[in-house]
Number of protein chains: 4
Amino acid sequence: MAEGIEVGVYGGAGYAGMDLIEILVKHPCVELTFVTSNSFTGESVPGIDLRYVASEDAQLDEVDAVFLALPHKASAPVAAKARAAGVRVVDLSADLRLDTPEAYERWYKTPHPNPELLPVPYGLPEINRDRIRGANLVAAPGCYPTTTLLGLYPLLKNGWLLRDAPIIVDAKSGVSGAGREPKQNTHFVEVFGNFSPYNPGRAHRHVGEIEQEIKKIDPDAGLLIFTPHLLPVDRGLMASIYVTLDSEFSARDAQDLYEHTYCEEPLVTVLPPGQQATLKHVVRSNTCAISLTPVADPYLHITSVTDNLRKGAAGQAVQDFNLMFGLPETMALV
Amino acid sequence: MAEGIEVGVYGGAGYAGMDLIEILVKHPCVELTFVTSNSFTGESVPGIDLRYVASEDAQLDEVDAVFLALPHKASAPVAAKARAAGVRVVDLSADLRLDTPEAYERWYKTPHPNPELLPVPYGLPEINRDRIRGANLVAAPGCYPTTTLLGLYPLLKNGWLLRDAPIIVDAKSGVSGAGREPKQNTHFVEVFGNFSPYNPGRAHRHVGEIEQEIKKIDPDAGLLIFTPHLLPVDRGLMASIYVTLDSEFSARDAQDLYEHTYCEEPLVTVLPPGQQATLKHVVRSNTCAISLTPVADPYLHITSVTDNLRKGAAGQAVQDFNLMFGLPETMALV
Amino acid sequence: MAEGIEVGVYGGAGYAGMDLIEILVKHPCVELTFVTSNSFTGESVPGIDLRYVASEDAQLDEVDAVFLALPHKASAPVAAKARAAGVRVVDLSADLRLDTPEAYERWYKTPHPNPELLPVPYGLPEINRDRIRGANLVAAPGCYPTTTLLGLYPLLKNGWLLRDAPIIVDAKSGVSGAGREPKQNTHFVEVFGNFSPYNPGRAHRHVGEIEQEIKKIDPDAGLLIFTPHLLPVDRGLMASIYVTLDSEFSARDAQDLYEHTYCEEPLVTVLPPGQQATLKHVVRSNTCAISLTPVADPYLHITSVTDNLRKGAAGQAVQDFNLMFGLPETMALV
Amino acid sequence: MAEGIEVGVYGGAGYAGMDLIEILVKHPCVELTFVTSNSFTGESVPGIDLRYVASEDAQLDEVDAVFLALPHKASAPVAAKARAAGVRVVDLSADLRLDTPEAYERWYKTPHPNPELLPVPYGLPEINRDRIRGANLVAAPGCYPTTTLLGLYPLLKNGWLLRDAPIIVDAKSGVSGAGREPKQNTHFVEVFGNFSPYNPGRAHRHVGEIEQEIKKIDPDAGLLIFTPHLLPVDRGLMASIYVTLDSEFSARDAQDLYEHTYCEEPLVTVLPPGQQATLKHVVRSNTCAISLTPVADPYLHITSVTDNLRKGAAGQAVQDFNLMFGLPETMALV
């Protein structure tokens with residue numbers, strides 16, 4: 001087993017970055033070498049004996065790998081620099097998730113900063129494990145895509161969705177998903193006692209990422225309708241998914257299909273029939289939990305939940321890291 | 001104008017009952033005569049100069065009208081007794097909402113206590129105003145049905161839903177909707193930081209009530225798929241509705257249709273394009289707010305919100321009462 | 001009775017300003033003429049048919065009175081300008097609460113912008129009604145001082161506090177007290193599930209204001225020890241007060257003393273013995289509620305609660321306004 | 001080191017019991033043999049491969065030690081039975097914390113069920129380590145006493161409190177402290193947006209336990225004034241302590257005193273000057289954090305925080321267990 005992998009974290013003062021550090025300090029094969037933060041430079045990193053350094057002062061020649069928990073647009077250039085220095089990279093930003101610069105520009109309304117890096121293995125191990133294993137650069141998926149794709153995967157892989165029928169995802173995220181920078185919409189008074197949709201229909205940037213991955217598995221899948229909501233909780237994410245099944249497959253068989261698909265997956269739990277997936281099943285864990293409701297053929301309702309900062313961000317990034325370095329996949333995660 | 005209508009409230013210590021009293025004390029034509037509560041008998045009613053009396057001690061001969069905020073099964077017998085005494089009744093329970101004893105037994109798993117009372121005018125004024133006006137007995141709808149039906153009504157009335165396409169309602173309710181009696185699932189620690197579906201698919205009792213009313217307006221409407229969730233807030237309810245439109249109607253025209261349908265309705269607000277309905281739009285008000293997202297033809301997404309204790313219960317009951325007594329419909333409500 | 005008093009509100013997009021507008025639109029003698037906000041200029045004021053104007057575009061010659069819900073330092077110059085134009089002023093900021101420029105500079109670390117205005121009647125009607133009545137310029141007290149002073153007043157007025165014994169106030173405020181501008185410490189994720197003291201001991205600016213008013217009533221009162229905390233709720237404020245009594249007065253007599261002192265006060269409620277004041281007693285009302293616990297002579301514990309945006313800000317400002325204009329004191333407030 | 005200590009948990013479905021199990025499953029020297037719950041008998045214990053058994057079906061002859069997370073009055077008889085069977089006991093209930101049956105009857109209004117067991121070592125390791133080490137029966141303290149006593153200990157031990165001056169503790173607890181059984185006062189709707197004192201002054205049962213332990217360390221300490229409040233969070237507890245110092249000790253020296261007293265304690269953190277202890281410092285950890293504010297001689301303000309289910313219950317019980325069995329004190333706790 002590898003020992004003492006030297007690791008740096010960029011953007012370690014954001015919510016995903018803080019969870020990442022919490023996981024990494026317990027990781028038996030990781031030595032945390034630096035943590036960057038441009039807003040908190042010089043302050044001590046909570047819980048460990050390091051101080052935040054500015055991004056440009058991080059010493060890439062001292063590390064074997066870096067995690068990038070940076071805003072989109074800022075992340076890809078650091079990834080390029082790290083790769084040039086021979087450092088392996090897990091990117092938690094959106095910069096490397098879309099396969100083409102054109103797709104990136106369409107959803108992020110800005111040219112891709114480093115198109116030469118694309119495409120990059122999409123770091124969702126349950127779907128893409130072979131491409132992640134041993135890779136030098138991986139794009140860890142966002143929280144909405146992870147939760148949605150794991151909820152759909154057994155159907156997509158087997159072609160059991162009715163061709164061209166819409167895939168409806170009513171999603172709800174805890175406020176940490178909106179980032180740590182204070183904004184009007186994350187002010188306590190605005191969120192407390194409230195519940196609100198945002199970017200409904202097909203306006204949210206994650207639609208591009210989700211559809212790209214859906215189509216890779218099932219090119220005949222229908223339109224994605226995706227409405228996220230802001231939940232008055234700190235962490236946790238639910239994707240409530242409504243699909244129409246192909247006539248060859250009955251909703252009553254979904255439970256078996258999902259259990260079979262995920263039976264060997266340590267970080268995905270399919271709940272027994274009748275039990276509903278809730279945020280409490282996953283908050284502060286690195287797992288995804290799924291429950292199924294066979295409404296009436298051909299309609300199936302799926303509830304998929306993750307902790308948006310764990311399986312939806314930091315936990316998954318470490319899962320990717322473990323695969324890249326040939327470590328046991330769930331090391332430091334269970 | 002009527003003056004001094006003597007009114008009694010049954011079940012005045014529950015959450016809906018308390019909101020009802022809050023509204024009625026400000027109602028210029030109402031004299032509150034008694035308030036019943038079997039759990040709090042003898043204690044003073046918050047905010048007014050009355051004490052709770054036991055249900056059986058309430059003097060029906062002293063009142064012109066009663067509101068029944070009682071559990072289902074307990075409500076219908078009181079309604080029957082009140083009608084026999086010539087007292088007008090607004091029933092907030094589920095007992096009189098379904099048109100037949102068979103439907104009641106199917107959804108409530110118990111024989112109807114007073115089948116002779118059925119059917120009763122369904123107290124959703126925006127849809128059913130003429131039947132409510134002047135009635136002696138009205139069944140005020142539940143919070144989920146009110147919010148869902150108002151969100152669908154303009155499409156149903158005009159037949160713009162694609163025949164047989166499912167109507168998907170992902171609903172979320174504040175905890176007061178579960179009643180005031182302490183239960184495990186309403187314990188603060190269970191709800192705080194959590195979000196959970198319950199009775200998903202077609203298992204919730206309100207499915208019967210919603211489908212009954214949908215079919216009255218549009219017999220060709222498709223299957224209702226309805227998944228309610230418990231939101232960690234005290235009050236407020238959102239119905240997130242996903243529908244497929246008939247090819248003759250474009251999602252882009254929905255905004256006009258809804259604005260036109262509700263332009264004269266004082267208690268329904270259609271938000272301008274691009275603005276999303278949130279709980280804050282309606283909490284502590286007696287209104288319903290609706291926002292529309294034309295996803296892509298033939299798909300339309302509708303967000304409809306109410307305060308579950310106001311337009312979803314007590315406010316609507318007073319709106320019914322005003323119509324029954326020929327008073328201005330929004331008296332004490334705006 | 002006065003009719004059609006033309007009123008302007010400065011700073012109408014903050015939390016206190018929004019509550020102020022909510023009260024003023026229901027005030028039968030007020031015509032709302034303008035509302036300023038430099039951050040929201042041009043946007044419509046929620047709930048009314050006006051748009052926010054920039055502070056410098058407000059027409060002072062069109063109004064009889066203004067409310068200033070501005071940050072300290074920005075408020076006094078507007079007050080001076082309004083007075084010069086003959087307009088009456090209720091100032092909700094801290095600028096005019098301290099009687100001398102020296103005290104202001106000590107607590108606010110900046111020279112007073114308009115020392116010529118000082119001193120100004122302190123707008124706590126239950127203590128200072130005569131000076132407010134008919135005044136042209138009033139300084140409405142802050143939320144912590146209001147809640148603390150009303151909790152202490154009956155003892156101070158009668159000299160029943162043990163000379164030089166400390167007055168200990170452990171205070172807790174809802175997050176709206178920290179203002180609407182987004183900051184790290186009001187981010188939902190920082191506040192949710194947390195509870196935190198700030199400016200403990202004697203560091204909070206309100207210490208100066210509270211002590212000034214205490215000493216006016218009882219020059220022998222002891223040192224104020226005051227520790228505020230941030231509560232994870234949107235609104236509501238509690239002052240938990242611990243005092244030592246003079247040997248001539250027994251804690252057992254406090255209930256009578258408080259009931260007697262406040263029996264004619266419409267906006268102060270003394271709860272019956274054994275009942276504890278909680279935020280729910282006052283949230284969204286314009287009242288202060290007080291409960292008393294005679295621990296054991298000479299120790300008395302007092303709990304005083306207000307809604308920090310109502311009796312602690314906007315409600316009290318309107319109470320002052322009513323007194324200034326000779327209107328019934330609780331108009332629009334009950 | 002001991003290996004495979006067989007352990008049973010009584011009352012494993014309450015909030016403290018659930019945290020206890022969460023800690024014990026990670027404890028390298030513990031084998032969990034049974035978990036009792038009379039309400040959930042037969043259901044599976046979350047997260048482990050056991051089912052709840054009824055209390056009377058637990059096999060005491062299969063275990064080396066038991067933890068009792070039972071209601072008071074029910075716990076002592078089980079402790080007696082376990083001791084008779086030669087099983088070591090950590091009791092988390094209140095039954096064995098008071099040294100005499102008389103004190104128990106005074107505070108719990110019922111005769112002590114097993115007076116022959118008294119007195120028992122009080123399981124607060126930082127104060128009482130020597131008596132816990134190797135003991136067969138330990139009474140783990142409550143959450144309020146733990147947090148209060150650790151906040152006072154350095155002063156008590158050195159006699160730096162002014163003789164007979166009152167010790168004022170304004171305490172706040174998360175709702176899990178009230179237990180898992182649903183009651184009106186723990187209903188989500190009652191707690192949400194609220195904050196409320198209960199049993200103020202000297203009425204709370206923990207006053208007896210706190211005063212007993214204070215007097216053992218400093219017989220001259222003054223009266224305890226203790227007002228607990230219910231905080232709208234799930235877990236976390238703060239004791240805000242206000243004391244008067246002896247003239248020989250200055251508040252400015254408190255920081256040194258506390259740092260010195262606790263420098264070797266792994267589970268107590270004294271925060272640097274100027275930093276305030278908040279719930280976030282301790283939630284889900286097994287530590288106590290303390291911050292100090294030297295108000296002005298002779299007054300000192302102390303903020304002490306714990307997670308009421310961890311250092312205030314389950315974590316501390318395991319700390320006691322480790323001492324009893326000669327294991328490293330923080331095993332499974334850091």
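# Salt bridges, helix faces and a charged patch

Across all chains, a search of the whole structure finds 68 salt bridges. The model is a predicted one.

**Salt bridges in chain A**

- Glu126(A) and Lys311(A) form a salt bridge, and their closest N and O atoms are 3.0 Å apart.
- Glu126(A) belongs to helix α4 (residues 125-132) of chain A and Lys311(A) to helix α9 (residues 310-324) of chain A, so this pair ties together parts that lie 185 residues apart in sequence.
- Both partners, Glu126(A) and Lys311(A), are buried.
- Another salt bridge joins Glu329(A) to Arg129(A), with the closest N and O atoms 2.7 Å apart.
- Arg129(A) is in helix α4 of chain A, while Glu329(A) is in the segment after α9 of chain A, so the pair connects parts that are 200 residues apart in sequence.
- Glu329(A) counts as buried because its relative accessibility is 14%, and the cut-off for buried is under 20%.
- Salt bridges also link Asp19(A), Glu22(A), Arg235(A), Asp307(A) and Arg310(A) in a network.

**A salt bridge in chain C**

- Glu22(C) forms a salt bridge with Arg310(C), in which the closest N and O atoms are 3.3 Å apart.
- How many residues apart in sequence are the parts that this pair ties together? The number is 288, because Glu22(C) lies in helix α1 (residues 15-24) of chain C and Arg310(C) lies in helix α9 (residues 310-324) of chain C.
- Are the two partners buried or partly exposed? Glu22(C) is partly exposed, with 42% relative accessibility, whereas Arg310(C) is buried, with a relative accessible area of 8%.

**Two helices with a buried face**

- An α-helix has 3.6 residues a turn, so residues three or four places apart point the same way.
- In helix α8 (residues 254-262) of chain A, the buried residues are Ala254(A), Gln255(A), Leu257(A), Tyr258(A), Thr261(A) and Tyr262(A).
- Viewed down the axis of α8(A), these buried residues fall within an arc of 165 degrees, so they line one face of the helix.
- Asp256(A) and His260(A) are exposed, on the face of α8(A) turned away from its buried side.
- Which residues of helix α3 (residues 101-108) of chain B are buried? They are Tyr104(B), Trp107(B) and Tyr108(B).
- The buried residues of α3(B) fall within an arc of 85 degrees when seen down the helix axis, so they too line one face of the helix.
- The other side of α3(B) carries the exposed residues Glu102(B) and Arg106(B).

**Loops and surface**

- A patch of positive charge on the surface is formed where Lys280(A), Arg284(A), Lys280(D) and Arg284(D) gather.
- Within chain A, Lys280(A) sits in the loop between β10 (268-270) and β11 (288-296).
- Lys280(A) has a relative accessible area of 41%, so Lys280(A) is partly exposed.
- Asp253(B) is in the loop between β9 (237-244) and α8 (254-262) of chain B.
- With 39% relative accessibility, Asp253(B) counts as partly exposed.
- Asp253(B) and Pro141(B) are 112 residues apart along the chain, and 29 Å separates their C-alpha atoms.

Technical notes. Residues are numbered from 1 along each chain as its sequence is written. Chains are lettered from A and ligands numbered from 1 in the order in which they are written. This is a predicted model: local features need pLDDT of at least 70, side-chain atom pairs count only at pLDDT 80 or more; totals for chains, interfaces and linings use all residues. Side-chain values use heavy atoms; hydrogens and water are left out. Patches are made of residues with over 30% relative accessible area and no salt bridge: like charges are joined within 9 Å, nonpolar side chains (Val, Leu, Ile, Met, Phe, Trp, Tyr) within 5 Å. Accessible areas come from the Shrake-Rupley method with a 1.4 Å probe; for residues, only the protein chains shown count as cover. A salt bridge is a side-chain nitrogen of Lys or Arg within 4 Å of a carboxyl oxygen of Asp or Glu. Lys and Arg count as positive and Asp and Glu as negative; His and the chain ends are not counted. The place of a charge is taken as NZ of Lys, CZ of Arg, CG of Asp or CD of Glu. Helices (H or I, at least four residues) and strands (E, at least two) are DSSP runs, numbered from the N terminus. Buried means under 20% relative accessible area, exposed over 50%, partly exposed in between (1.4 Å probe, protein chains only). The arc is that of the directions from the helix axis to the C-beta atoms.
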